[in-house]
Amino acid sequence: MTSGREKAYAYLKDTVLTDPAMQGEFLSEQEIADRIGVSRTPIREALLLLAAEDLVQLVPKRGARVAPLSGREISELMQLRGIVERYAAGHVVEAGRAPVKELGELLDRQSGLSGPGQAKEFIAVDHLFHATLVSAVGNALLDRHYDGLRSRQIRAGVVALYNQHGRQETVLDEHREILDALAADDAPTACAAIDRHLESTLKVLLAG
């Protein structure tokens with residue numbers, strides 16, 4: 001059975017912290033408690049956990065504030081993603097288990113999402129596309145490590161969509177390049193496509 005703290009942690013991390021509109025905002029413990037049906041104590045406990053992950057900042061007499069993504073943090077996020085995803089691409093191609101079918105289905109699903117109203121879902125599927133590649137390695141510790149980037153990744157991805165007109169179409173093209181290279185068992189090309197995808201996202205985000 002899920003505890004109140006676990007419920008609060010999941011809600012904050014997956015719903016509140018992935019919302020770009022909440023960046024830099026202070027959170028109301030009572031409002032969140034009312035929304036998910038728990039007392040304020042589990043909310044406080046969850047916020048302490050998130051503060052330990054540097055996802056929120058605890059400000060004396062003010063409460064918890066959603067930590068804004070700095071330019072340095074965005075750059076480091078993309079660097080870390082690149083290390084993990086390039087490793088995953090090389091490993092699955094060498095092992096002969098690139099998840100081509102699953103990635104193709106996710107790309108089709110993502111292609112059906114467009115416009116600002118579906119931006120968050122588009123980026124959620126975007127994360128799933130990359131997480132599916134990483135998961136195909138078969139390393140549970142690597143999966144947990146990569147999943148820890150999820151809230152930052154989704155928040156940054158949604159911001160990128162709003163920052164550049166036509167970004168959704170560009171993302172789809174970049175994902176297709178990654179998928180085509182994996183389908184051809186071409187690890188170097190897949191890694192190069194991953195690098196281009198992450199570099200283009202970084203440029204959009206830093207341009208602000």
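Me: Which residue just after helix 3 takes a positive phi?
Reply: This model is predicted: local features need pLDDT of at least 70, side-chain atom pairs count only at pLDDT 80 or more, and totals for chains, interfaces and linings use all residues. Numbering starts from 1 along each chain as its sequence is written, and side-chain values use heavy atoms, without hydrogens and water. Helices (H or I, at least four residues) and strands (E, at least two) are DSSP runs, numbered from the N terminus. Just after helix 3, a positive phi of about 65° belongs to D54.

Me: How far apart are the end C-alpha atoms of helix 3?
Reply: Helix 3 covers residues 40-52, which is 13 residues. The expected span is 1.5 Å times one less than the number of residues, so helix 3 should span 18 Å. The model agrees, with its end C-alpha atoms apart by 19 Å.

Me: Within what arc do the buried residues of helix 3 fall?
Reply: Buried means under 20% relative accessible area, exposed over 50% and partly exposed in between, with a 1.4 Å probe and protein chains only. In helix 3, P42, I43, A46, L47 and L50 are buried. They line one face of the helix, because the directions from the axis to their C-beta atoms fall within an arc of 140°.

Me: Which exposed residues sit on the face of helix 3 turned away from its buried side?
Reply: The buried residues are covered by elements including helix 1 (4-16), helix 2 (29-36), strand 1 (56-59) and strand 2 (63-66). The face turned away from the buried side carries L48 and A52.

Me: Which residues have the most contacts inside the largest nonpolar core?
Reply: A nonpolar core is a set of buried Ala, Val, Leu, Ile, Met, Phe, Trp, Tyr and Cys residues joined through side-chain atoms within 4.5 Å. The largest has 45 residues.

Me: Are helix 5 and helix 6 roughly parallel or antiparallel?
Reply: Their axes, lines fitted to C-alpha atoms over the stretch in contact, are 10 Å apart. The angle, taken between N-to-C directions from 0 to 180 degrees, is about 170°. Under 35 degrees counts as roughly parallel, over 145 as roughly antiparallel, 65 to 115 as roughly perpendicular and the rest as oblique. Helix 5 and helix 6 are therefore roughly antiparallel.

Me: Is E121 buried, partly exposed or exposed?
Reply: E121 lies in helix 6. Its relative accessibility is 40%, so E121 counts as partly exposed.

Terms used
Contact means heavy atoms within 4.5 Å.
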